[in-house]
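The report below is meant to be read alongside the sequence and the three-dimensional structure.

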Amino acid sequence: MPALNDPEGAHVPDGARVIDAHVHLFPDRVATAIWAWFDAHGWPIRYKLSADTIVQFLATRGVSQIVGLVYAHKPGMAESLNAFIAGLADRYPSVIPCGTVLPGEPDTRAIVARAFNRYGLAGIKIHCHVQCVAPDDPRLDPVYEEAAAALRPVVIHAGREPASDAYRCDPHALCSAAAVRRALERHPSLTLVVPHLGADEFDAFDTLLDDFPRLMLDTTMMLANYFPVAPPADLLHRRADRLIYGTDFPNIPYAWDRELRHIVAANLSPDARDAILYKNTLRVFSRSS
Ligand SMILES: [Zn+2]
């Protein structure tokens, strides 16, 4: 996939409150490995910034808060990532921190419980493609149970795209809206956030929203007009109460505000725009609940 040399905005639009609910904050050595992978197998990363610089970059441009995400590739890695993101949130109150676990690793349930109770994290991120776990894999049950009991969301890359042949497993074999349905049928009180609007099964995830009132979709990379697949044109208007603005920053091949400009240009009512840009995020990730 190519880099887009599109111009970037200097600031969020006047008067808009914006939370980016999908920002990757990793220790430098992990980020460097992820960028090397993306450069070889995904797309060129435009913003190779340290975690501290990412927080400052978005704050300077008027993004009022960010949801920081980590994910573990190997057993034994989650605890230190969770401590890392908790430390960032201590230094920067604008960071809403989410932790991770590798489903099935020893002490999966205890790692999630500590993420909430010791580190005060706002949610858990699961990446089905990287972690080679299906959304309805029983190894996720303790993760879902702990999150539901703590009233915390699980952000789970459970859609089939963006996929890559370079993953250790086949995202199209693992992931589907049907698998998410099975997981939510087993865990009806769980709040799930599925990134990328569920790409590329946009219609099937749209239907799931009707059946599972706690399911949310984040917009990450799908409003950038970058991939060959695109969500239905009226989705933002019809589903403003169930969508969350997120970008995948810094791991993107185009301007930081490309999707933000798309949302602002979509002629949404002020209520719908605010819901997508920050209100839904606060509702889902608020740690006071
Ligand atoms: Zn992401």
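## Strand pairing around β6 and β7

In this predicted model, Val 193 has Met 216 of strand β7 as its bridge partner. The pairing of β6 with β7 is parallel and extends over three bridges. Strand β6 (residues 192-194) also pairs with strand β5 (residues 154-157), again in the parallel sense, over two bridges. In that pairing, Val 154 has Leu 192 of β6 as its bridge partner.

Strand β7 (residues 215-218) is covered on both faces. Leu 215 and Leu 217 are buried on one side, and Met 216 and Asp 218 are buried on the other. In a regular strand, side chains alternate between the two faces of the sheet.

## The sheet as a whole

These strands belong to an open sheet of eight strands with parallel pairing, in the order β1-β2-β3-β4-β5-β6-β7-β8. The edges of the sheet are formed by β1 and β8; each has a single partner strand, so one side of each is left without a neighbour in the sheet.

## Helix α3 against the sheet

Helix α3 (residues 78-91) contains 14 residues, which at 1.5 Å a residue should span 20 Å; its end C-alpha atoms are 20 Å apart, in agreement with that value. The helix lies across β2 and β3, and runs at about 175° to β3.

Which residues of α3 are buried? They are Ala 78, Leu 81, Asn 82, Ile 85, Ala 86, Leu 88 and Ala 89. These residues cover an arc of only 155° around the axis, which means that they are on the same side of α3. An α-helix has 3.6 residues a turn, so residues three or four places apart point the same way. The buried residues of α3 pack against the strands β2 (65-69) and β3 (95-100), and also against the helices α2 (51-60) and α4 (108-117).

Glu 146 is located in helix α6 (residues 141-149). Its relative accessible area is 19%, and the cut-off for a buried residue is under 20%, so Glu 146 counts as buried. Leaving aside residues up to four places away in sequence, Glu 146 touches Arg 109, Val 112, Ala 113 and Phe 116.

Glu 201 is located in the loop between β6 and α9 (202-211). With a relative accessible area of 18%, Glu 201 is likewise buried. Leaving aside residues up to four places away in sequence, Glu 201 touches Arg 160, Ser 176 and Ala 177.

## Backbone features in the loops

The bond from Glu 161 to Pro 162 is cis, with omega near -10°, and Pro 162 lies in the loop between β5 and α7 (171-174). The bond from Phe 249 to Pro 250 is also cis, with omega near 5°; Pro 250 is in the loop between β8 and α11.

Cys 132 is placed in the loop between α5 (128-131) and α6, and is buried with a relative accessible area of 18%. His 196 is found in the loop between β6 and α9, and is buried with a relative accessible area of 3%.

A further loop, between α2 and β2, holds Gly 62. Leaving aside residues up to four places away in sequence, Gly 62 touches His 11 and Val 12. The C-alpha atoms of Gly 62 and Pro 231 are separated by 27 Å, and the two residues are 169 residues apart along the chain.

## The zinc site

Which residues coordinate the zinc ion? The donors are His 22 through NE2, His 24 through NE2 and Asp 248 through OD, at 2.0 to 2.1 Å. Along the sequence these donor residues follow the spacing H-x1-H-x223-D. His 24 lies in strand β1 (residues 19-24), whereas Asp 248 lies in the loop between β8 (243-244) and α11 (258-264); the pair therefore ties together parts that are 224 residues apart in sequence. His 24 and Asp 248 are both buried.

Note on methods. Residues numbered from 1 in each chain as written. Predicted model: local features only at pLDDT ≥ 70, side-chain atom pairs only at ≥ 80, totals over all residues. Heavy atoms only, no water. Donors = N, O, S within 2.8 Å, 3.2 Å for Na, K, Ca; no water. Helix = DSSP H or I, 4+ residues; strand = E, 2+ residues; numbered from the N terminus. Buried < 20%, exposed > 50% of the residue type's maximum accessible area, 1.4 Å probe, protein only. Expected span 1.5 Å × (residues − 1). Arc of directions from axis to C-beta. Contact = heavy atoms within 4.5 Å. Pairing = 2+ DSSP bridges. Axes fitted to C-alpha atoms, helices over the stretch in contact; angles between N-to-C directions.
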